[in-house]
Amino acid sequence: MVLVSAVRDYVYRMLQDISGMKVLILDSQTVSIVSVVYSQSELLQKEVFLVELIDSISKSKESMSHLKAVYFLRPTSENIQYMRRQLSNPRFGEYHLFFSNMLKDTQIHLLADSDEQEVVQQVQEFYADFIAVDPYHFTLNMPSNHYYILPAVVDPSNLQHFCDRAVDGIGAVFLALKRRPIIRYSRASDIAKRIAQETAKLMYQQESGLFDFRRMEMSPLLLIVDRRDDPVTPLLNQWTYQAMVHELIGIQDNKVDLRSIGKFPKDQQEVVLSSEQDAFFKANMYENFGDIGMNIKRMVDDFQQVAKSNQNIQTIEDMAKFVDNYPEYRKMHGNVSKHVTLVTEMSKIVEERKLMLVSETEQDLACNGGQVAAFEAVTNLLNNESVSDIDRLRLVMLYALRYEKESPVQLMQLFNKLASRSAKYKPGLVQFLLKQAGADKRTGDLYGNRDFLNIARNMARGLKGVENVYTQHQPLLFQTMESIIKGRLRDVDYPYVGNHFQQGRPQEVVIFIVGGTTYEESRSVAQLNASNSGIRFILGGTAVLNSKRFLKDLEEAQGIARSNANVV
Amino acid sequence: MILKELRRRSLLGGLCKTNTMKDQSFANGESRYRLQLRKGAATVGLPPAWVDVSEEIASNVQRARVKMNELAKAHAKALMPSFGDGKEDQQNIEALTTEITNLLKKSEKKLLQKLSAAGPSEDSNVRKNVQRQLATDLQNLSMELRKKQSTYLKCLRQQMEDAADLEMNLNGNRPKEEDDDLDDMIFSEHQMARLKQSEVYTVEREREIQQIVESVNELAQIMKDLSVLVIDQGTIVDRIDYNIQNVATTVEEGLKQLQKAERTQKQGGMVMCATVLVIMCFVMLVLLILKEIIF
């Protein structure tokens, strides 16, 4: 509940002390931040009768001086410009300005200059600068996520923006939690190091007054890692509810847009999947596909029972009871049709793309050994006509990541086959991935084959057998979190920033993955949090990835790198 | 002026720091004032006319709530066993119930008529949202009233059954000590009197139940009308970003429709015909004049 309740509390505080009819003005980022935690009906209860975006409100000239304007914006120079224009021609009675992060003094001066008519009542900073998609999972939804892949020399200014946004987001999370952490980062990653150092500078030097909180026994830990340490997790197909919906259809700010996969009636085109508002989803979001099917069937049966009793209206009492229960009934109906639609569509996609077949091989590539068998399986699937291009690409990538050092001839064969089969494949993408995230570049032991302990563990697991072939993969993050729980996170792999060291285990850990998180990883976090290990984990990233997004980022980065090489 | 003052003084150094004090009061997330809350410096303008209607409805809702509390107390009092015939309790309950139902009906009518807005302007969005919020309040009140009435109804029925059982038991358990004709006659008189009383009692209760059922139906009607306005929580229409997008698209759609209408009007066959006819008229007129002049 931690992240969601922090942002909700901020929104509540913004609206609480202002009486009368209000208009809430947001920018394109803060609208996501507010929409995932606060609903329209709750805003109406707080007398907010109009919600607008800051760029569209500039276009209208209607004066509405009976409304009080509440602005909640990110402190970007663009927003300050909009604000200045609106303050010089005020349309509303009162102006209350709230910013999601720290304002620079120059920005305040600019606002002061434009406030000719003294309509500004207050300017406050409320640090809700992240999108709290789940209680322990946040994202920054960065549109140009691919900059983390490129070296600094290629595009320094965009990279600086990227790092600034990440640092702002992380800072806001800790201000919302009112803690100041010890910072560690993944050694092999330059960008993780850069973000870690800039965050440390922000928290311990630039705004040390603001971050100076009451010191508890143990400082929390901020661990900044790179997506390229674990490129396997975003490439895998998923079989647990939330992760699967995101992988096959796509979840954005807890909304699913079904229009891309078919024609639906108006009220089913976009649906909301939020664990806070949907009890069925909360209970099933981490369950695997088979169990979800059964649970949905049970839900449909319950609903049919209720529907049948509603049709059997004979006395006036029955009628009265029906009208009493109608809102509940309608809500249940909507919920049932939502989940049934989602599962039906996903089953269709699984059938079309033969995902059960593909995923079996994927999981083998990710978890088990045996290069020869793997090569054969991948070749067969590449030859299979019904396998789609993106699935072929993923299979080859997974094979390459695992067996890049063994048998380069066979690897070359796979590349050629891939290029010949997939028309849209941009040649060299797999090699680009290997260059970025190959065995030499990764921190940590992705396949559990570097460390004797891990090898032994894998053998034991192999002997024991797995419960479900399709969900046997554990992301690298899980191992990292386990090491933290045991207090054995190696300094060699994850050095500290500055000279703050930590003895013993922290009680709160925020892990930030530069390049994006996945729902499979947030599931691991939720499961560990539920297991009462004594440590509370929070996960965040620059975006929430599925295989499509991850591949898109790789392609864009490759494009830029190539054009840069050509220029040079 | 205060912000300009800030700037001037900060140029002399030091003010920004003292003014940016951390908010110590709240237990949850950190926040920071850059400018203190200024009380009542600006003027809030006069609202448009429809706001009066919405305020009237809101005060009706408030009054209805107060009356509902009174009704709850009256229900409880009427259900308690009493020595009188409880007629004034019944009348009180009837009066209160009718008052509340009327308030709700009046508010609902006003809500649907006066507050409905057309056109994709910002003011109409505000109006629509105010309408939605009042609709939610009204619907909640209606549901509450109905629940109270159904529980009262149930208790009444229960009491009626109990009373009828009691009557039957009393009649049945009367000891048959005397078997004289005289006693039989006296018995039957007593029995008749008793029967009459319980009949009257039953008829009263029936009437009450009938009234309650009527008001339940009325409220059901109100709820049906309002349900179109109320937002279903947890669905996509309850999302702020969805509503913003929708507003944008509706405004765009409205604009497109207007443009299309303009274009069709301009290109309209009617306009062409009319122009042609007018030109023909002029031509004929000119020919007529020419004819007059020449001949």
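## The contact between chain B and chain A

In this predicted model, the contact draws on 69 residues of chain B and 74 residues of chain A. Together, the two chains bury about 6400 Å² between them, and 54% of this area lies on carbon and sulfur atoms.

One salt bridge joins A:Lys178 to B:Glu30, with the closest N and O atoms 4.0 Å apart.

Which elements of chain B each supply at least two residues of the side that touches chain A? They are helix H1 (2–11), strand S1 (31–35), helix H3 (50–79), helix H5 (122–173), helix H6 (181–227) and helix H7 (240–267) of chain B. The largest share of this side, 14 residues, comes from H5(B). By residue type, the side of chain B that touches chain A divides into 30 nonpolar, 20 polar and 19 charged residues.

Strand S1 of chain B also takes part in strand pairing. S1(B) and strand S5 (residues 120–126) of chain A pair in the antiparallel sense over 4 bridges. Within this pairing, B:Leu35 in S1(B) stands opposite A:Val123.

Chain B itself may now be described. Its secondary structure consists of 8 helices and 1 strand, and the order from the N terminus on is α-α-β-α-α-α-α-α-α. Chain B has 295 residues, of which 33% count as buried. Among contacts in chain B between residues at least 6 apart in sequence, 74% join residues at least 24 apart.

Two residues of chain A deserve a note on their backbone angles. A:Lys178, already named for its salt bridge with B:Glu30, is not a glycine and yet has a positive phi of about 60°. A:Ser407, likewise a residue other than glycine, has a positive phi near 50°. The table sets out where each residue is found and its relative accessible area.

| Residue | Loop of chain A | Relative accessible area |
|---|---|---|
| A:Lys178 | between helix H7 (156–177) and strand S8 (182–185) | 22% |
| A:Ser407 | between helix H16 (389–403) and helix H17 (408–421) | 26% |

Are these residues buried, partly exposed or exposed? A:Lys178 is partly exposed, because its relative accessible area is 22% and buried means under 20%. A:Ser407 is also partly exposed, with a relative accessible area of 26%.

Key:
Residues are numbered from 1 along each chain as its sequence is written. Chains are lettered from A and ligands numbered from 1 in the order in which they are written. This is a predicted model: local features need pLDDT of at least 70, side-chain atom pairs count only at pLDDT 80 or more; totals for chains, interfaces and linings use all residues. Side-chain values use heavy atoms; hydrogens and water are left out. Contact means heavy atoms within 4.5 Å. Buried area is the accessible area (1.4 Å probe) that two parts lose on being put together, summed over both. A salt bridge is a side-chain nitrogen of Lys or Arg within 4 Å of a carboxyl oxygen of Asp or Glu. Ala, Val, Leu, Ile, Met, Phe, Trp, Tyr, Cys and Pro count as nonpolar, Asp, Glu, Lys and Arg as charged, and the others, Gly among them, as polar. Two strands pair if DSSP finds at least two bridges between them. Buried means under 20% relative accessible area, exposed over 50%, partly exposed in between (1.4 Å probe, protein chains only).
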